[in-house]
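Visitor: Could you take me through this model? I'll ask as we go.

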Amino acid sequence: MKTFCILLALVALFNFSNAFMPKAPVHTARPVVARGRTMKMMEESTYWEGKAPPSVVLGPFLSKIPSGVLGPASLVALIVGSYCTHESNIFNTLTVDTIYPAYVLGSFLTPISWGLHVAAWIQKMNKA
């Protein structure tokens with residue numbers, strides 16, 4: 001137990017000391033002018049003009065999934081998450097006899113459904 005506490009203190013001290021170290025400079029995706037032509041940097045910018053951001057902001061996986069799949073997936077995640085939240089009795093007092101880990105983990109699908117809904121909206125706005 002003593003060794004564990006010392007190890008935990010050392011890890012906490014290391015993380016605390018890193019909080020005050022200078023960070024590496026952050027490069028923004030500004031165009032660079034070379035010989036009269038504009039060249040883009042390797043990084044993609046998340047700035048957009050218009051109603052919706054580009055699909056690139058969704059990442060490499062979700063940007064390839066169409067809106068017709070993300071929308072129903074969002075609805076399924078909301079229904080399953082709501083059911084699990086209701087059944088897990090998470091808003092009442094939890095005891096060892098009333099807690100079911102599958103329901104508690106399933107309740108995390110409720111906020112995930114919101115993210116899938118936003119991803120479906122972004123994909124729909126970019127495909128239209």
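Visitor: How many of the residues are buried?
Guide: Buried residues make up 17% of the 128 residues in the protein chain. Buried means under 20% relative accessible area, exposed means over 50%, and partly exposed is in between, with a 1.4 Å probe and protein chains only. This is a predicted model: local features need pLDDT of at least 70, side-chain atom pairs count only at pLDDT 80 or more, and totals for chains, interfaces and linings use all residues. Residues are numbered from 1 along each chain as its sequence is written, and side-chain values use heavy atoms, with hydrogens and water left out.

Visitor: What is the average pLDDT?
Guide: The protein chain averages 76, and 64% of the residues score at least 70. pLDDT is the predictor's confidence in each residue, from 0 to 100.

Visitor: Where is the pLDDT below 50?
Guide: Over residues 36-42. In the model, that stretch has ten contacts beyond near neighbours in sequence, a contact being heavy atoms within 4.5 Å. Where pLDDT is low, the predicted coordinates should not be read in detail.

Visitor: OK, the fold. Which elements are there, and in what order?
Guide: There are five helices and two strands. From the N terminus on, the order is α-β-β-α-α-α-α. Helices (H or I, at least four residues) and strands (E, at least two) are DSSP runs, numbered from the N terminus.

Visitor: How much of the contact count comes from residues 24 or more positions apart?
Guide: They account for 61% of the contacts with a separation of 6 or more.

Visitor: And the accessible surface?
Guide: About 10700 Å² for the protein chain, of which 70% belongs to carbon and sulfur atoms. Accessible areas come from the Shrake-Rupley method with a 1.4 Å probe; for residues, only the protein chains shown count as cover.

Visitor: Which residues form the nonpolar patch on the surface?
Guide: L75, L78 and I79, with about 280 Å² of accessible area together. Patches are made of residues with over 30% relative accessible area and no salt bridge; like charges are joined within 9 Å, and nonpolar side chains (Val, Leu, Ile, Met, Phe, Trp, Tyr) within 5 Å. A salt bridge is a side-chain nitrogen of Lys or Arg within 4 Å of a carboxyl oxygen of Asp or Glu.

Visitor: Where is I79 found?
Guide: In helix α3, residues 67-88. I79 counts as exposed because its relative accessible area is 51%.

Visitor: S88 lies in helix α3 too. Buried or exposed?
Guide: Buried, because its relative accessibility is 1%. Leaving out residues up to four places away in sequence, S88 touches L94, T98, Y103 and V104. The S88 side chain also reaches the backbone oxygen of T85 at 3.2 Å. The cut-off for a polar contact is a pair of N or O atoms within 3.5 Å; within protein, one must be able to donate a hydrogen and the other to accept it, and residues adjacent in sequence count only if both atoms are side-chain atoms.

Visitor: What does V80 contact?
Guide: G106 and L109, leaving aside neighbours within four places in sequence. V80 is found in helix α3 and is partly exposed, at 35% relative accessibility. Its C-alpha is 9.5 Å from that of Y103, 23 residues away in sequence.

Visitor: Last one: where is S113?
Guide: In helix α5, residues 109-127. S113 is buried, with a relative accessible area of 5%, and is in contact with S74, A77 and L78, leaving aside neighbours within four places in sequence.
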